[in-house]
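User: I have a structure open and some questions about it. Can we go through them one at a time?
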Amino acid sequence: MTAIDVKAPAKNKTASHWIWPVVALALFGFLLFLPGLQGALGYSPYLLIFSYTVFYWITQASSWNIFSGFSGYLNFGFAAFSAVGVYTTALMSQNGSVPILVPMVVGGILAAALAVVLGLILFLRGLAHEIFALVTFAITIGLALLVHNVKALGGPLLMVGAVEFPEWMGGLNQSLYLLALILCALTLLIAALVQRSSLGTGLAAIRDDEPVAETMGVPTLKYKLIALAISAALAGASGALNAVMVSFIEPEPTFGMELSVFVVLMALLGGTRHWAGPLFGALLIATLSDRLTGWGMSDLAQLITGAILVLIVLRLRAGLFDRIRHRRWVVVPVAVIVLLVLWLARIVDFIDALLYAQITALIVLLLPSSLFRRKEVQRG
Amino acid sequence: MTLVQTLVTALLLGGIYALVALGFSLTWGLLRTLNFAHFGFALVCAYVTYTLSATLGWDPMLALLVTIPLGILLMMGLQWFVQKTKLDTFATLIATFGLLLMIEAAIAITYSHDLVRIPTTENPWSTMVLSFGRVTVPIVQLIALFAALVLCLGTWYLLHRTGTGLSIRAAIADRPIATAYGIDTQRLAYVVAILGGASVGVFGAVVGMTYTLSPTAGLAWVPITLAVVLLGGLGNPLGTAIAAFVLALAETLTRQYASPGLAQLVSLTILVIVLVLRPQGLFKSISEVKP
């Protein structure tokens, strides 16, 4: 488990150098202008809300991954950071209207501050592995109880007041969509930059063997704190935006297990060693859970969520992205074709098509490697 | 409420905490399985108790005859699964969490999300109390306390005064060497699973008899269990019992003299303070926590 990146054969490397960034940029541009094309494409307004949810989860899962995925410190109480953002918006909007960017920035800073304080306590005491996971879990429940009991911090129920969005973004749903999209792209960009920087290399070294990394001169405490602060700041900003979506703020769901567990699940499913892993994990889980809830089967969604967690541990330790990488010339076209055929032929609506495309891709990914021409590198 | 009554209440609550924490502590400390499904198993036992008495008209105490074997069976099944798949501690945390989510969902599908409770007509035990002057002691909780003490002391005796216990401790200390000396570590793991399963069975039945049940009720026990287990030392039955009573006392006093909402917060604050000052917990773990 030491190799972080397995080099692709040379002929593919030159091609993939520019193809994937261009695809990503094109997709980002398309998504930016999607609300403007609303009328022309004739999709339902729910698509914007659904997209918002997907961006939200990608942001949360990717920001979790910046610290926990790269360093191997499994944070089981990540909801605390986004909750800081949620409560920042809620409390700031109590006395008159506030522009959304203010609580997003303030919430991010406050979440980062909380992360540094918690990080100093936990890291200086050398809490790691499962103890770290359980203590972060306990602290988050404690924070929820604290907020519940202290009126000044929010109390048992808080309503988000008036929040202003920038004029040019259009209506509420459209503004939420655009801000979430931009924040999501920013998070992925930061995650990619962190992974490629010495910070990312240092975190990977911490993950593989912290004492050795320390001996070899990696400033482990500093790196862990920086990564935790970055990931908390992004989660806080995303939470501040999400407060508008939730609007009735209660401590238990805000600090809740669901968020903490989903984030871990998405990142582990996608794969934690690469910044793009959580993107795919979050996309799949968010689509699946949206559809199952829409079909009135939220219990079934939970059952599947649990089964996926078990499956990851048993069969997918390296994550989906590891397999996507090795089969990208098969998986990506297959998924795109299924998506376009189902959607454009109006067989099902877009979100259903997205789900079926992902399930098809998943099946391709889970096929035994002997079916594929190129020899795969077995890892994990 | 008098101070004596408060102390009695705390003692009884401590019994329940010790029951739920013992199994968790044993599987974590001795089997290296961080078992979140523990709470799911307890919930299954609680719902079984509910069904047996509310639907089939059994006396709830008789349900113990079903829930204890059921708890043992579930715990042994999990242990078999973990041994078969060779999961490490970290992986068991994630896998058993998935299992907990699945159990919760299965219960929600079977019983719906409604809160359920055994009707008092079917459950004579819920209103039965012993009275000593002005101090009242609910019978069910007294039985739970008794069971907790028996299980904790029994486990301690098994671990520290018998040959089997010596073998278990040897297997924890150094598994390859223990195996080389002819200790069957896999079979011993099932002994520990049986102890954990029995405590889950009793705990589940007590919860079914005393509390209102819902599919998410299992999670409510997670924070206090973590606090008790981490304070009491992993796999240390006496430490678990003492930590359970200390935390129950702190919670009961908070509930009595401050605000009921703060009770759980006090436990978690104690946990965080202790972990920061003494990461190894208040009592000695049976083994070091290693990656």
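User: Is R187(B) buried or exposed?
Analyst: This is a predicted model. In it R187(B) is exposed, because its relative accessible area is 58%.
User: What does its side chain meet?
Analyst: The side chain of R187(B) forms a salt bridge with that of D184(B), at 3.5 Å from N to O. D184(B) has 38% relative accessibility, so D184(B) counts as partly exposed.
User: Which residues are joined into one network by salt bridges?
Analyst: D290(A), R291(A) and D352(A), through salt bridges that share partners. Within that group, the side chains of R291(A) and D290(A) meet at 3.0 Å, N to O. R291(A) counts as buried because its relative accessibility is 10%, and D290(A) counts as buried at 13%.
User: How many salt bridges over all chains?
Analyst: There are 6. One of them pairs E210(A) with K224(A) at 2.7 Å, N to O.
User: Where do E210(A) and K224(A) lie?
Analyst: E210(A) is in helix α9 of chain A and K224(A) in helix α10 of chain A, so the pair ties together parts 14 residues apart in sequence. K224(A) is buried, with a relative accessible area of 4%.
User: Switching to the interface. How many residues of chain B are in contact with chain A?
Analyst: 44 residues of chain B, in contact with 35 residues of chain A. The two chains bury about 3400 Å² between them, and 82% of that is on carbon and sulfur atoms.
User: And how many salt bridges between chain B and chain A?
Analyst: The count is 0. For polar contacts, the count is 3 residue pairs, with both residues at pLDDT 80 or more.
User: Which elements of chain B give two or more residues to the side that touches chain A?
Analyst: α3 (64-85), α4 (89-111), α9 (222-232) and α11 (263-277) of chain B. α4(B) gives the most, with 16 residues. By type, the residues on that side of chain B are 34 nonpolar, 7 polar and 3 charged.
User: What about aromatic pairs over all chains?
Analyst: The structure holds 28. In the pair Y56(A) and W57(A), the ring centres are 5.3 Å apart and the planes are at 65°, so the pair is edge-to-face. Y56(A) is buried at 9% relative accessible area, and W57(A) counts as buried at 13%.
User: Which residues do ring pairs link into a cluster?
Analyst: The cluster takes in F76(A) and F137(A) from chain A, with F24(B), W28(B), F36(B), F39(B) and F97(B) from chain B.
User: OK, helix α8 of chain A. Which of its residues are buried?
Analyst: L199(A), G200(A), G202(A), L203(A), A204(A) and I206(A). Their cover includes α3 (46-71), α7 (172-196), α9 (210-215) and α10 (220-246) of chain A.
User: What caps the N-terminal end of α8(A)?
Analyst: S197(A) does, with a side-chain oxygen 3.2 Å from the backbone nitrogen of L199(A).
User: Another serine: what does the side chain of S68(A) reach?
Analyst: The backbone nitrogen of N75(A), at 3.3 Å. S68(A) lies in helix α3 of chain A and is buried, with a relative accessible area of 4%.
User: Last one: where does N236(B) lie?
Analyst: In the loop between α9 and α10 (237-257) of chain B. N236(B) is buried at 15% relative accessible area. Leaving out residues up to four places away in sequence, N236(B) touches S25(B), F283(B) and K284(B).

Notes:
Residues numbered from 1 in each chain as written. Chains lettered and ligands numbered in written order. Predicted model: local features only at pLDDT ≥ 70, side-chain atom pairs only at ≥ 80, totals over all residues. Heavy atoms only, no water. Contact = heavy atoms within 4.5 Å. Buried area = accessible area lost by both parts, 1.4 Å probe. Salt bridge = Lys/Arg side-chain N within 4 Å of Asp/Glu carboxyl O. Polar contact = N/O pair within 3.5 Å; in protein donor to acceptor, adjacent residues only side chain to side chain. Helix = DSSP H or I, 4+ residues; strand = E, 2+ residues; numbered from the N terminus. Nonpolar A, V, L, I, M, F, W, Y, C, P; charged D, E, K, R; others polar. Phe/Tyr/Trp six-rings, centres within 6.5 Å; stacked < 30°, edge-to-face > 60°. Buried < 20%, exposed > 50% of the residue type's maximum accessible area, 1.4 Å probe, protein only.
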